[in-house]
Amino acid sequence: MKKHLLFLGPPGAGKGTQAALLSEANSYLHLSTGELLRKEIELHTDLGRTVKDIMNKGELVNDELVLEIVKKNLDKVNKGWILDGYPRNLSQVNSLNDVLLKINQPLEIVFYLDISDEVLVKRLIMRGRKDDNEETIKTRLKIYKDTTEPLIEYYSNLSLLVNINADRDLKTISADIKSKMA
Ligand code: ADP
């Protein structure tokens with residue numbers, strides 16, 4: 001069974017949902033940088049204040065800030081983990097590689113949630129989170145295509161990538177992921 005996982009895919013592909021299900025089933029740490037950042041905003045911390053406008057516009061938070069969060073959570077981890085929403089660009093990939101080398105826990109599998117643009121936009125509008133309005137969705141999808149999509153090729157070249165058709169319903173996707181975990 002794989003213990004060090006990463007979910008890749010555009011906003012709305014279902015990374016958070018699938019990562020939560022899988023981490024619960026296996027008692028793994030679910031590390032969602034988006035969730036952790038939203039929590040900072042809710043708690044009105046300094047970090048929350050710094051990232052609030054950026055997130056509401058759908059832009060990416062500064063690499064250093066996000067890296068701090070990741071380091072803090074992975075530093076003393078003694079169980080399996082699932083990264084969700086990190087890394088999002090090649091610089092974050094390099095930082096993550098350093099962190100994982102230090103803790104001696106290499107990434108074992110990258111699930112790429114492959115979803116069509118139509119299904120994606122529909123899901124985001126339905127979800128209705130604060131950063132899910134039409135304008136912000138456009139920004140997030142553009143950033144995804146420009147900066148995150150290259151990661152697919154990167155992990156594919158390392159033979160870590162597993163493609164999951166994410167146009168299907170939640171349960172079908174989840175069963176598919178489970179079957180590919182072993
Ligand atoms: P989604 O995948 O649906 O966009 P997330 O919860 O993963 O939702 O991310 C929400 C927002 O949090 C992003 O638009 C971005 O502003 C910020 N964020 C999350 N992860 C990162 C990251 N790794 N680097 C920079 N910003 C991030």
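Modeller: Let's start at His44, which sits in the loop between helix H2 (33–42) and helix H3 (46–57). A word on those labels: helices (H or I, at least four residues) and strands (E, at least two) are runs assigned by DSSP and numbered from the N terminus. Before we go on, keep in mind that this is a predicted model, where local features need pLDDT of at least 70, side-chain atom pairs count only at pLDDT 80 or more, and totals for chains, interfaces and linings use all residues. Residues are numbered from 1 along each chain as its sequence is written, and side-chain values use heavy atoms, with hydrogens and water left out.

His44 counts as exposed because its relative accessible area is 58%. The cut-offs are under 20% for buried, over 50% for exposed, and partly exposed in between, using a 1.4 Å probe and protein chains only.

Ser159 is worth a look next. Its phi is near 60°, a positive value in a residue other than glycine. You'll find Ser159 in the loop between helix H8 (150–157) and E5. With a relative accessible area of 65%, Ser159 is exposed. There is one more backbone detail to point out: the peptide bond from Tyr86 to Pro87 is cis, with omega near 0°. Pro87 belongs to the loop between strand E3 (81–84) and helix H5 (90–103).

Who does E5 pair with? Strand E4 (residues 109–114) runs parallel to E5, and five bridges join the two. Two strands count as paired if DSSP finds at least two bridges between them. Across from Phe111 you'll see Val162 in E5, and across from Val110 there is Leu161 in E5. E4 itself is mostly covered, as five of its six residues are buried.

Keep walking and you reach strand E1 (residues 4–8), which is joined to E4 by four bridges, again in parallel. Here Phe7 stands opposite Phe111 in E4. E1 also pairs with E3, in the parallel sense and over four bridges, with Leu5 facing Ile82 in E3.

In E3, Trp81 and Leu83 point one way and Ile82 and Asp84 the other, and all of them are buried. E3 has another parallel partner in strand E2 (residues 29–32), again over four bridges. Leu29 has Trp81 as its bridge partner in E3.

Ser174 lies in helix H9 (residues 170–181) and, at a relative accessible area of 18%, is buried. Leaving aside residues up to four places away in sequence, Ser174 touches Gln18 and Leu21; a contact means heavy atoms within 4.5 Å. Glu64, in helix H4 (residues 63–74), is exposed, with a relative accessible area of 53%.

Time to zoom out. The protein has nine helices and five strands, and along the sequence they follow the pattern β-α-β-α-α-α-β-α-β-α-α-α-β-α. The C-alpha trace spans about 40 × 35 × 30 Å along its principal axes. For 182 residues, a compact globule would have a radius of gyration near 16 Å, and the protein agrees, with 16 Å. That radius is taken over C-alpha atoms, and the globule rule is 2.2 Å times the number of residues to the power 0.38.

Buried residues make up 44% of the 182. Of the contacts between residues at least 6 apart in sequence, 75% join residues at least 24 apart. Finally, charge: there are 27 positive and 27 negative side chains, and the centres of the two sets lie 4 Å apart. Lys and Arg count as positive and Asp and Glu as negative, with His and the chain ends not counted, and each charge is placed at NZ of Lys, CZ of Arg, CG of Asp or CD of Glu.
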